[in-house]
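Q: I would like to learn how the features of a structure are read. Could we work through an example together?

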Amino acid sequence: MSSLLTGIFDFSREHKKAVSAAVLLLVILIPLLPRNPFYQDLIILVFFWATLASAWNLLGGLAGQISLGHAAFFGIGAYTSTILYLKFGLSPWFGMLAGAGLSILVALVVGLPCFRLTSHFFALATLAFAEVLRLLASYLRDLTNGGVGLLIPRHVGFKNFIFEGKLPYAYIILAMLLGVFFVADFLKKSQFGYCLVALREDQHAAESLAVNTTRCKVVTLVISVFFTSLAGTFYAQYYAFIDPDIVFTSQISIELALLCIIGGIGTVFGPVVGACFMIPLDVLLRGWLGGVFSGLNFVIYGLVLICAVRYFPIGIFGWLKKISNKYIQEPVCALPPDINFAAVPAYSKPSPRPKNTGETPLIKVISISKRFGGLQAVKDLSFSIYEGEILGLIGPNGAGKTTVFNLISGFISPDSGTIHFGGKDITSLGIPHRFCRQGIGRTFQIVKPFQSMTVLENVMVGVFSRVRDVSVAREEALRIIERIHLSPHVSTQPCQLTLANRKRLELGRALATGPRLLLLDEVMAGLNPKETEDIIAVIRSLSDEGVTIFLIEHVMKAVMALSDRITVINNGMKIVDGLPEEIARDKRVIDAYLGEQCDAATA
Amino acid sequence: MLEIIIQLVINGLLLGGIYALLSIGLTMIFGVLEIINFAHGEFLMISMYVTFWLFHLMNIDPYLSLIIIIPLFFAFGVLVEQVIIKPLLNDPPLNQIFATIGLGLVFQNLALLFFKADFRTVKTSYSSANFFLGDLIVSVPRLIAFIVAIALIASLLLFLKNTFTGKAIRAVAQQRRAAMLMGINVHRTYSIAFGIGIACVGAAGAILIPLFFVFPTVGSLFVLIAFVVVILGGYNSLVGSLVAGLIIGVIEGFSGFYISPHLKEVVYFVMFIFILIFRPTGLLGRR
């Protein structure tokens, strides 16, 4: 039985390309099949909506930036090419590109400030934007002919983008669909795709792993807007009529999201599946309900949308995948069979150094302060960490430890003071991913795994900060997973891991960025003694390889055992700094932890 | 010249009171449940229709109908929260966003089915009444609307400040988990907050109908204003929404006079983008 399954699996691996090519050929033949214009029109509509939905899915599904304003770019595409054609006689083929260029420009101007917003407000801002363009298009009568709309005369000719019969249109829109489909497929499988998913799942964690989240969003926005705009021009040419309420209506944007959700949001096939399913249904519905109940079809869409997000969020494609996974078990380890471990370059480690001999500190923090409203979280704090050292940071709850980490990993910037890393002033780098690129890796006290990714993929995101190639990154990630003893769980999703394993994953992911300085925020909290022991061993071995470690920890035994030096802070200020044994005896430290009265009891 | 400016300020403030009431509903829901009610404009539209029909069929004055509208919409809000919002509270934003969008789509198109795209309004005896303050004109229905809106907002603020339920709502808005640990029934508080939010927008619809037309897509005109007000007011501050509502009203007065009434939405949006760039926490927002 198992050999049979492997047989199937091998078959699909070897012949995947051939199968894809055959499917592609079939798709290309589809428009030739029907003679009836009704069906030809239906095919064009399916391709058209699949193109738009795929473009929307790049931004809304993959990158998780839910736009309700894609109608804006659709409309810009339609209006730009049409106006250029009607007023200046410019061929819509060029107008299409001009429209796409304008759309991208507008998207950048409006999109950049909007990317600061959380998802609900991003959706809101984009919705408002499309609405405003609709009003502008109605208002600027000289340019757009206002609410009356623009009619494109049917002068047949390639140059005019007007054809006799529907077949040429079918192939033009199919070409657009294939374009956006393959771009999506390529992105999804590339390093960039992993970063997008990471960004969608947890922006802070992604930033801490050197993912330039702003760049990711902008690139995705540009691609998504480009195809949306092309489809806008196509619409104008196919129907030869546009008006503001048709091309700028927010119902377009909502329908795109609906198609993606029904088909399977965030997957490459989902939007296509959604369009294949919903568009014929839509045509049928409109036929049945006709003019009598105009609006009823949208009532039904609304209900479908409400139910889909609640009961069927994985969509048709996700559901098909789930079923097929039941029959074809993927191998537990996603390792390609032909990896030769010996050939994989060793984990890039700095040459080991004797401890505590570095004269120049790796990181030197000079009197940083940070205030949150009325709370002085960190005050005038200075410390240095030398290359290869393990420095423990302890202090009572609320002492400002995590704020210190946030300051030196770029998540917040200090009100005053400077941070030097490797001899360079990094105080004003500003953005976490730049700190990570400098060589500062961190974990989060409350673990932030990327929930929809497997353990392997989580770690791969970290590796991508220094490796671009996906297969190399996979191998490197597998090596790191082995180091943190998570090998049995490579294809597990984080929600199925125990706390100890999630903490390991957090550590492994930070480690994957190849840091020179690793910030560990309570990686042992909540672990049992055996698990603690295990993590201590991992940290020791990292230190032996020359990684400098800065750790916050409440498990005193571990801090004492691991640290070369310990810094104690309370109320954001340094109390004392010294060797573990000294700290343990220091009266000020005991006071800070236990309160002063306890002196009598311990004496 | 000065008279024109004062006149525009008066008109704007009177309008702004209604905007504030409308937006406070949205702020309330966002502040407590951390979701944006994308169907907010449609609730406004429904309330306008209900008030319209109450007037037409039973001859109930729009302002009097508040006695019916407020409890009715509170109950409506609680129902919607229980059935649609509650199951999605721990879901990713995508699901929450599209649940309320779906709801708005349903409401809007049901209205289209039942009432077609006709414009309807309520003509009361005082609809076009004005009185003069020197050279300044004050529209009576607008003044009444303003007073009612401000009175409702004031009572809401007092309710939040002084009653146990009000304090529970504020506690949940600040720290969901801690409130839960203090023995507050968080889910009940959500329902109440959503109900209050919808009651606010319901009341806004009732006092708006003597001044404006109702049609199935009227919500999308006003909801954009509400969104800008919420952002200007600092996302989750009710007082912020009040002030921002008044400001937006005044801006609308001026832009309508000096630019064009057709472009007021464009002015809002430009403001919206500028707020995002220069003051992302809103006018009265804190972080």
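Q: In what order do the 4 strands of the open sheet in chain A lie, and is the pairing parallel or antiparallel?

A: Strands of a sheet pair through backbone hydrogen bonds, and the pairing may be parallel or antiparallel. In this model, which is predicted, the order in chain A is β4-β3-β6-β7, with antiparallel pairing.

Q: Which are the edge strands of chain A?

A: They are β4 (375-386) and β7 (424-425) of chain A, each of which pairs on one side only.

Q: Over how many bridges do β3 and β4 of chain A pair?

A: Strand β3 (residues 361-372) of chain A pairs with β4(A) over 8 bridges, in the antiparallel sense. As an individual example, A:Pro361 has A:Tyr386 of β4(A) as its bridge partner.

Q: How do the axes of helices α3 and α5 of chain A cross?

A: Two packed helices are described by the angle between their axes and by the distance between the axes. Here, the axes of α3 (residues 70-88) and α5 (residues 119-139) of chain A come within 8 Å and cross at roughly 30°. Angles under 35 degrees count as roughly parallel, so α3(A) is roughly parallel to α5(A).

Q: Which residues make the contact of α3(A) with α5(A)?

A: From α3(A) come A:Ala71, A:Ala72, A:Gly75 and A:Tyr79, while α5(A) provides A:Phe129, A:Ala130, A:Leu133 and A:Ala137. By class, 7 of the residues in this contact are nonpolar, 1 is polar and none is charged.

Q: How many residues of chain B are in contact with chain A?

A: The size of an interface is often given as the accessible area lost when the parts come together. Counted by residues instead, 33 of chain B are in contact with 34 of chain A. On the chain B side, α4 (93-115), α9 (218-232) and α11 (264-278) each supply at least two residues, and the largest share, 15 residues, comes from α4(B). This side of chain B has 27 nonpolar, 5 polar and 1 charged residues.

Q: What is the pattern of chain B along the sequence?

A: Chain B has 11 helices and 2 strands, which follow the pattern α-α-α-α-β-β-α-α-α-α-α-α-α along the sequence. Its radius of gyration is 19 Å, close to the 19 Å given by the globule rule for 287 residues, so chain B is as compact as a globular protein of that length. The C-alpha trace of chain B spans about 60 × 45 × 35 Å along its principal axes.

Q: What percentage of the residues in chain B is buried?

A: Buried residues account for 53% of the 287 residues in chain B. Among contacts in chain B between residues at least 6 apart in sequence, 79% join residues at least 24 apart.

Technical notes. Residues are numbered from 1 along each chain as its sequence is written. Chains are lettered from A and ligands numbered from 1 in the order in which they are written. This is a predicted model: local features need pLDDT of at least 70, side-chain atom pairs count only at pLDDT 80 or more; totals for chains, interfaces and linings use all residues. Two residues are in contact if their C-beta atoms, placed from the backbone, lie within 7 Å. Ala, Val, Leu, Ile, Met, Phe, Trp, Tyr, Cys and Pro count as nonpolar, Asp, Glu, Lys and Arg as charged, and the others, Gly among them, as polar. Axes are lines fitted to C-alpha atoms, for helices over the stretch in contact, and angles run from 0 to 180 degrees between N-to-C directions. Angles under 35 degrees count as roughly parallel, over 145 as roughly antiparallel, 65 to 115 as roughly perpendicular and the rest as oblique. Two strands pair if DSSP finds at least two bridges between them. The radius of gyration is taken over C-alpha atoms; the globule rule is 2.2 Å times the number of residues to the power 0.38. A residue is buried if 20 or more other C-beta atoms lie within 10 Å of its own, exposed if 12 or fewer, and partly exposed in between; C-beta atoms are placed from the backbone.
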